[in-house]
Amino acid sequence: MQPLTTQHLVTTGPKPIPDPGLHVAIISDGNGRWATSRGLPRSAGHRAGAESARKVIQAAPRLGIHTLTLFALSSANWKRPPAEVNAILRLLHEYLLIETSHCIEEGIRLNVIGRRDRIPATLRQAIADSEAATVNGRRLHLRLAIDYSAREAMYHAACRFYKVTELSPESFSNVLAEVLRGGSMEVDLLIRTGGEQRLSDFLLWECAFAEFVFLPKRWPDFSVADLESALQEFARRERTRGALPDAIAG
Ligand code: IPE
Ligand code: MG
C-alpha cells in the first residue's frame with residue numbers, strides 16, 4: 001500500500017463549503033423518553049425525532065449555519081436491543097430515500113461520518129448514492145453521524161498518521177477528515193437536548209473550542225425557535241480561544 005503523504009491528504013476528502021458560517025453539531029437526545037412518557041414505543045420517539053431533524057435541517061441555512069452535524073447513531077448504541085437499533089437504521093434509510101432529491105433542490109450536500117462496515121449493505125448503498133447525488137450542494141453541508149465514535153475515529157487516524165511525512169496538527173486533522181470521509185471541521189456550537197450534559201464520544205477533536213448549549217427539552221420537542229435561541233446564546237458568548245478578550249477585540 002502507498003504510504004500516505006501530506007500531498008495525498010490535501011487533495012483527498014470532501015472540500016469544505018467556502019461560504020463562511022457556523023458549524024453547529026447536535027446531540028439529539030431524549031427520543032426514547034419522549035415516547036415512553038406518552039405510552040408509545042421508543043421507535044415512535046425516533047420517528048418523531050426524525051421530524052425535528054427535518055425542520056432543523058430546513059431552517060439551518062437561513063440561520064447562518066453552513067455545516068450541521070447530527071448524531072444519528074452512536075457506536076455505543078449497538079448495546080441497545082437489536083429491534084431498536086434496526087428501527088433507527090430503517091428510519092435513516094427512509095430519510096435518505098425520501099430526502100435526497102430535496103437535498104439536491106435545496107443545495108444541501110450530505111455526508112455520513114462513522115463506520116460503514118456494520119450497517120446493512122442496503123443502507124451503505126443508499127448513503128453512497130445520496131453522497132454522490134448531493135456532492136455539489138453549497139448552501140449547507142449536512143453530516144449525519146451513523147455508527148460514529150470520535151475516539152475510534154481518532155484512534156484510526158492515529159494509526160494512519162505515523163506514515164505521514166509532515167507531522168502537524170493540520171495534517172492530523174486532514175488524516176482524521178480522511179478517516180471520517182465527511183471531513184473533520186471545527187465545531188462552533190454544540191447543542192445537546194434531553195437534559196444530559198456530556199459529549200458521549202461525539203466530535204472530541206472538533207469540539208476543542210466549541211461553545212456548549214444543553215437543553216432539558218427532549219429532541220422531538222426541539223423546534224426551530226429553540227435553535228434560534230441557542231444561536232442567540234452562542235452570539236452572546238465571548239470566544240477567546242484562550243487569548244485575552246482584548247486581543248480578540250483587537
Ligand atoms: C437519542 O434518543 C437518539 C439516539 C440515540 C439514536 P435516545 O434514544 O437516547 O432517547 P433517551 O435518551 O433514551 O430518552
Ligand atoms: Mg439518550
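This is a predicted model: local features need pLDDT of at least 70, side-chain atom pairs count only at pLDDT 80 or more; totals for chains, interfaces and linings use all residues.
Residues are numbered from 1 along each chain as its sequence is written, chains are lettered from A and ligands numbered from 1 in the order in which they are written, and side-chain values use heavy atoms, with hydrogens and water left out.

**Exercise 1.** Describe the residues around ligand 1.

*Solution.* Begin with the residues near the ligand, where near is said of a residue with a heavy atom within 4 Å of it. There are 13 of them, and those that come nearest are Asp-29, Gly-32, Arg-33, Arg-42 and Arg-80. Next, sort this shell by type: two residues are nonpolar (Ala, Val, Leu, Ile, Met, Phe, Trp, Tyr, Cys and Pro), five are charged (Asp, Glu, Lys and Arg), and six are polar (the others, Gly among them). Finally, turn to the helices, which are DSSP runs of H or I with at least four residues, numbered from the N terminus. Helix H2 (31–36) gives the most to the shell, with three residues, while helix H3 (42–59) and helix H4 (82–106) each supply at least two.

**Exercise 2.** Find which atoms lie 2.9 Å from an oxygen atom of ligand 1, and which lies 2.6 Å from one.

*Solution.* Look for polar contacts, that is, pairs of N or O atoms within 3.5 Å. A backbone N or O atom of Gly-32 lies 2.9 Å from a ligand oxygen, and a polar side-chain atom of Arg-42 also lies 2.9 Å from a ligand oxygen. For Arg-80, a polar side-chain atom is found 2.6 Å from an oxygen of ligand 1. The protein covers 87% of the 380 Å² of accessible area (Shrake-Rupley method, 1.4 Å probe) that ligand 1 has on its own.

**Exercise 3.** Work out what lines the largest cavity.

*Solution.* A cavity is a set of points, on a 1 Å grid over the protein atoms alone, where a 1.4 Å probe fits but cannot get out, and its lining residues have an atom within 4 Å of a point.

Key
A polar contact is a pair of N or O atoms within 3.5 Å; within protein, one must be able to donate a hydrogen and the other to accept it, and residues adjacent in sequence count only if both atoms are side-chain atoms. On a 1 Å grid over the protein atoms alone, a cavity is a set of points where a 1.4 Å probe fits but cannot get out, and a pocket is an open set with protein on both sides within 12 Å along at least five of seven lines; lining residues have an atom within 4 Å of a point.
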